[in-house]
Amino acid sequence: MSLQQSQTSSSSDNVIVIPHLERPKDHRIRAVVYCRVSSKHEDQEYSLENQIAHYRETVGQDPRYELVESYYDFGISGFKSARPGFQKMLEDSKDGKFELVITKSITRFARNTGIVLDATRLLKSRGIGVYFELQQINTLGEGGELLMTLFAAFGQAESEANRLGTKMAIQRKVEEQKPIHQIQRVFGYTKNADGEIVPDEDAGRVLEIFEMAADGFTVAQITNYL
């Protein structure tokens, strides 16, 4: 055996050939979508409904896909992994219920880099990809994990900076004795023509509520009394 033949034989012994699995032309990818909003504000609820409707229309009517399920979480931070919709999606992935997760962006999927990586790697181990629409990244694609990691890290840093900024703004308002939230609908107080916070006709009720709480009445008891 020549040296060239020997090298070829030795190299081929260490190579694992992964066959290319071609799907039938009429195969439709079983896809699910994941949507999330972090606030329970009315506008956010409307946004969530729009997201779900958008994907039902685009993915549901795309001949390449079979829309299996829509998972969503409402009013839960992306820093948390304990989200009912998110966990249900991971649980259903065990049974091979779907082949692809489609979501708006990496930050909608999660705002913590560790959660993004853990979840996408778990899904990838089950042969499931995640497609982030905004970044146009498929985790099963070449370089997908690297790009996803970079975007996720930037997203987490931006979110943490925003949280710090909000915390500092609240602290300044506390020090200046200014209300943290808008008080247009706060029971017992209003603003006068000069923009000052003043008691209104319900202020006596507010005082009564605090006195009852100080006397040990529960929230339910106070509510029933009122």
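Which residues of α3 are buried?

**Orientation**

The structure is a predicted model, in which local features need pLDDT of at least 70 and side-chain atom pairs count only at pLDDT 80 or more, while totals for chains, interfaces and linings use all residues. Residues are numbered from 1 along each chain as its sequence is written, and side-chain values use heavy atoms, with hydrogens and water left out.

Display the whole protein as a cartoon. The protein has eight helices and seven strands; helices (H or I, at least four residues) and strands (E, at least two) are DSSP runs, numbered from the N terminus. Of the 226 residues, 28% are buried. Buried means under 20% relative accessible area, exposed means over 50%, and partly exposed lies in between (1.4 Å probe, protein chains only). Among contacts (heavy atoms within 4.5 Å) with a separation of 6 or more, 61% join residues 24 or more positions apart.

**Helix α3**

Select α3, residues 84-93. Its buried residues are G85, F86, M89, L90, D92 and S93. Seen down the helix axis, these buried residues fall within an arc of 165 degrees, so they line one face of α3; the arc is that of the directions from the helix axis to the C-beta atoms. An α-helix has 3.6 residues a turn, so residues three or four places apart point the same way.

Now show what the buried residues of α3 pack against: β1, β2 (65-74), β3 (100-103), α4 and α5.

**The pair α3 and α5**

Show the side chains where they meet: F86, L90 and S93 in α3 are in contact with I115, A119, L122 and L123 in α5.

**The nonpolar cores**

Select Y34, F86, M89, F98, V101, F109 and L123, the residues with the most contacts inside the largest nonpolar core, which has 19 residues. A nonpolar core is a set of buried Ala, Val, Leu, Ile, Met, Phe, Trp, Tyr and Cys residues joined through side-chain atoms within 4.5 Å. The most, four residues, come from α5. Apart from this core lies another, of eleven residues, including V33, C35, V37 and Y55.

Centre the view on M89. Leaving out residues up to four places away in sequence, M89 touches Y34, Y71, F98, V101 and F109.

**Y71**

Move to Y71, in strand β2. Is Y71 buried or exposed? At 5% relative accessibility, Y71 counts as buried. Beyond its neighbours within four places in sequence, its contacts include V32, G85, K88, D92 and K97.

**Two exposed residues**

Select Q136, in the loop between β4 (129-132) and β5 (137-138). Its relative accessibility is 63%, so Q136 counts as exposed. The phi of Q136 is near 55 degrees, a positive value in a residue other than glycine.

Finish at T223, in helix α8 (residues 219-225). With 51% relative accessibility, T223 counts as exposed. The C-alpha atoms of T223 and I209 are separated by 9.1 Å, and these residues are 14 residues apart along the chain.
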